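Dear colleague,

Here is the structure I promised to hand over, with the sequence alongside. My notes on what was found in it follow below.

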Amino acid sequence: MVVTAARTPLYEEHVRLGAQMTNFGGWVMPLQYSTIREEHHAVREAVGLFDLSHMGELRIGDEALVQRVLSRDVTRLRPGRIQYAVLCNDAGGIIDDVLVYAMPDRGYLLVVNAGNQDGDFDWIRKHAQAADAARNVGREWALIGVQGPRAVDLVQRLTPSDLASVKYYAFVDGTVADVSCVISRTGYTGEDGFELFCGNADAVRLWRALLEEGRSDGIRPAGLGARDTLRLEAGMRLYGNDMDAQTNPLEAGLDWTLNLEKDFIGRDAIMTSRQRGLARQLVGFKMLDRSIPRHGYRIVSDGEGVGTVTSGNVSFTLGYNIGMAYVPPAMSEPGTRLGVDIRGAAAPAEVVPLPFYKRPHPK
Amino acid sequence: MPDLTGMRFAETHEWVKQDGETATVGISEYAQSQLGDVIYLELPAVGQQLDAGARLGVIESVKAASDLYSPVGGEVTEANAELKDHPEYVNQDPYGKGWIIKLRAVKDNPKLLDQKAYDAFVEGQSHS
């Protein structure tokens, strides 16, 4: 069987910009336009533009259903606000990590990982009373990320909305470059900025307007390569790498996404796991030599395998190499020395607090 | 355009250029473009003997770690020390300051391709 990767409405733009394309989560996406290093620095120092149209969007009207499937108490979420949450299975394993938007009509929007959107949708529908309780609108919407210290100023020049009043993890309906958008102050880079949802038909117009207006800001289109090195520095987990259905949110260090006083799928298993004590915990570490940790490498102690690297790479911003790994709780304190098995030798590393990078002046 | 005269290539995308007693080894323009941002190289010690086709080290880009193979046999006389602080030279100038090792007492490898044959090989690969 040949499975054709889906194209976003911005596919032709990426090709025209000379992007190297790659398959990701069933979509053909830009990996890089120039170099990952340049795109990474552009986002940290100026502004980067991302096509995130592969992300899935699910509309759910039924509040009780959202409460049942998500780890967060969404009844506390005011319209116009956003929370990060996880979707768990009965064993407390993570099915996906999502952003949940409380819409002005009292319904909810879940923004989910590209490769999980169909699975999430099926899971949620399975727990719904009505067949039409959830709607998958992911293929009707484009999503464009504008991230970096110049992002707010850039988007403000293209919109009549007062963006100073749109706080972090809040959103408004508005227009950007005369395109109707949901303007969401969120991101996956550790920088300030926006994610703009618009209809597929308007995506090219919005993308071009941002690139044009952003020229004076030093804007660069940025691909999935930079997205990965940026999110890692910001200590943000990547589903499928740092957590999956065999990981529970406590192990993944996502305790803060759990409202255990309300009932939701997976809660009982998570509480049992908490009472028993965790077998492993996700930590951040930095390499003490120049070698590069990679997903799947073993963490070793006295020659014994004690854990696994889930993400690792160079940190272009910090100038050393970093990673995340599951280790026994006894080895999770910052300052603990670890060995990373790299081609048969234990390369020295040290546990450090997450995130690795925090932007200098959060607004 | 760098001077590629006399340069020969392995199907594993390393190049070698012999100059008197010394052979210099690097990776091709095509290889660097496929790897993307090079961030680390693990290189052999001076004095190490390599056979043609033997693993000489590892090159890591943001995307992945890949093995490097020596296109010819010989004894390592130098590894490019500049690459420790500037691995990006491999991307910026793969046939010049991005060279990787130098060898002496070179044992030739008749299976190497000249530039024209290598270009045709790459062309065939990118369409397969």
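**A loop residue and other backbone features**

Arg343(A) sits in the loop that joins strand E19 (337–342) to E20 of chain A, where helices (H or I, at least four residues) and strands (E, at least two) are DSSP runs numbered from the N terminus. Please bear in mind that this is a predicted model, in which local features need pLDDT of at least 70 and side-chain atom pairs count only at pLDDT 80 or more, while totals for chains, interfaces and linings use all residues. Residues are numbered from 1 along each chain as its sequence is written, and chains are lettered from A and ligands numbered from 1 in the order in which they are written.

Although Arg343(A) is not a glycine, its phi is positive, at about 50°, and the residue is exposed, with 11 other C-beta atoms within 10 Å. For this term, a residue is buried if 20 or more other C-beta atoms lie within 10 Å of its own, exposed if 12 or fewer, and partly exposed in between, with C-beta atoms placed from the backbone. In chain B, Ala105(B) also has a positive phi of about 50° without being a glycine; Ala105(B) belongs to strand E9 (residues 101–107) of chain B and counts as exposed, with 12 C-beta neighbours inside 10 Å. Back in chain A, the peptide bond from Leu354(A) to Pro355(A) is cis, with omega near -5°, and Pro355(A) is placed in the segment after strand E20 (345–352).

**Chain A as a whole**

Chain A has eight helices and 20 strands, and its C-alpha atoms fill a box of roughly 60 × 50 × 50 Å along the principal axes. A compact globule of 363 residues would have a radius of gyration near 21 Å, and the 20 Å of chain A agrees with this; the radius is taken over C-alpha atoms, and the globule rule is 2.2 Å times the number of residues to the power 0.38. Of the 363 residues in chain A, 46% are buried.

**Domains and contacts**

Chain A is divided into domain 1 (1–237 + 259–277) and domain 2 (278–352), with bounds that come from an automatic or database domain assignment. The centres of the two domains, taken over C-alpha atoms, are separated by 29 Å. Ten residues of domain 1 and nine residues of domain 2 take part in the contact between them, two residues being in contact if their C-beta atoms, placed from the backbone, lie within 7 Å. On the domain 1 side, helix H2 (36–45) and helix H7 (224–233) are the elements that give two or more residues, and H2(A) provides the largest share, four residues.

Between the chains, the contact takes 13 residues from chain A and nine residues from chain B. On the chain A side, H2, H7 and strand E17 (304–314) each supply at least two residues.

**One further loop residue**

Asp217(A) lies in the loop between helix H6 (203–213) and strand E14 (219–221) of chain A and is partly exposed, with 19 other C-beta atoms within 10 Å. Leaving aside residues up to four places away in sequence, Asp217(A) touches Ala46(A), Val47(A), Arg150(A) and Leu154(A). The C-alpha atoms of Asp217(A) and Asp244(A), which are 27 residues apart along the chain, are separated by 38 Å.

With best wishes
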